[in-house]
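Let's take a look at the metal sites and the remaining ligand in this one. The structure comes first, then a walk through each site.

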Amino acid sequence: MVNASVLPSPVASSLRCARADCEERPIIDLSYAGEHLCRRHFIQFTEERVRRELHRQASGIKGGTLAVAVSGGKDSATMLSLLARFLGARRNIHLVAITIDEGIEGYRSATLRSAEQLTSSLGIEHHVRRFEQDLGTTTDATARTLSQIAPCTFCGVWRRTLLNRAARDLGATHLAVGFNLDDLAQTVLMNLARGEPTRLLQMAPHRRTNDGLVPRIAPLAPIPEREVYLYARLREIPFDHSECPHAGRAVRNVYRTALWQIEEAVPGTRHALLKTREKLLEALEAAYPPEALPPCVNCGEPSSGGLCRSCALRKQVAVP
Ligand code: SF4
Ligand SMILES: [Zn+2]
Ligand SMILES: [Zn+2]
């Protein structure tokens, strides 16, 4: 099922592409940039932005293993295809895809199949880690036990833990995640609205490293969700359209809806939120130098002391 919000808005048929000397009809209206682009120039513009962003966030990648979190949905499928396009020919860089199976009936098996199809067509090594094996429970089972908590609360924490563990076990220098502009702007808004600005330091893309945590990069950061969708369709990248049955209960939905409305009224708000984060980071980094993260007393993963958040949540559902 395709969420209507990701479908590009129709463009007036009388317009021409904004690029010099291009007579093609535009296929997309980039309101935040005040221009319309044809198919060819939209593809080119998208690839340029991702390439630039990759260089900006990961200029330190000189070689080694780059782990890529691939769910099989449009964002991660597009990110993996672009990384393969930009880095696939580099002999000193080894791309490895990781999919986390949270155990969500009627959803994850379809996206997993799509991730398998994509990685095999790109010739990229693919690893699958499962909640059931690694954590002893699944998102569906926990959602039944902890029915008072929105499933994304524990599912998101556990997925981050397993992704980090898998990337670290593979010796990855970085972990690429498929967050698009909308996702990241929502996270900035959410953290500011909750009065938790220090969380801006913890969200991807990471500018500094902590022992035991593989720094995450987000190459799709400058690309709005609907442009990721359009690019994936134009490039015929295989992805699965399913939506997680638990997604409707996510608190993030409130911020997503609010941000769509603000962006409609004030184009460029999502970009401005990301810039706000960049501006605040320097002050936050100076005020909060990296702390040692002691190993969790239960699983050994980095924690802020005692039990890590992942184990604390598992304890709530009595998983050993
Ligand atoms: S929407 Fe929530 S419950 Fe579903 S996979 Fe994502 S984090 Fe997990
Ligand atoms: Zn054009
Ligand atoms: Zn732990």
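Around the zinc ion (ligand 2), the four donor atoms subtend angles of 102 to 113°, which makes the arrangement tetrahedral. Keep in mind that this is a predicted model. For reference, the ideal angle for four tetrahedral donors is 109.5 degrees.

So who holds this zinc? Cys17 (SG), Cys22 (SG), Cys38 (SG) and His41 (ND1) coordinate the zinc ion (ligand 2).

The zinc ion (ligand 3) has Cys296 (SG), Cys299 (SG), Cys308 (SG) and Cys311 (SG) as its protein donors. Its four donor atoms subtend angles of 107 to 112°, so this arrangement is tetrahedral as well. Here Cys296 counts as buried, with 4% relative accessibility, while Cys299 is partly exposed at 27%.

| Site | Donor distance | Donor angles | Spacing along the chain |
|---|---|---|---|
| zinc ion (ligand 2) | 2.1 to 2.3 Å | 102 to 113° | C-x4-C-x15-C-x2-H |
| zinc ion (ligand 3) | 2.3 Å | 107 to 112° | C-x2-C-x8-C-x2-C |

That leaves ligand 1. Which residues surround ligand 1? They are Glu102, Ile104, Cys152, Cys155, Arg159, Cys244, His246 and Ala247. Sorted by class, that shell around ligand 1 comes to five nonpolar, one polar and two charged residues.

Conventions
Residues are numbered from 1 along each chain as its sequence is written. Chains are lettered from A and ligands numbered from 1 in the order in which they are written. This is a predicted model: local features need pLDDT of at least 70, side-chain atom pairs count only at pLDDT 80 or more; totals for chains, interfaces and linings use all residues. Side-chain values use heavy atoms; hydrogens and water are left out. A residue is near a molecule or strand if one of its heavy atoms lies within 4 Å of it. Ala, Val, Leu, Ile, Met, Phe, Trp, Tyr, Cys and Pro count as nonpolar, Asp, Glu, Lys and Arg as charged, and the others, Gly among them, as polar. Donors are N, O and S atoms within 2.8 Å of the metal (3.2 Å for Na, K and Ca); water is not among the atoms, so sites may look incomplete. Four donors count as tetrahedral if all angles lie between 85 and 135 degrees; four count as square planar and six as octahedral if opposite donors are over 155 degrees apart and all others between 65 and 115; anything else is irregular. Buried means under 20% relative accessible area, exposed over 50%, partly exposed in between (1.4 Å probe, protein chains only).
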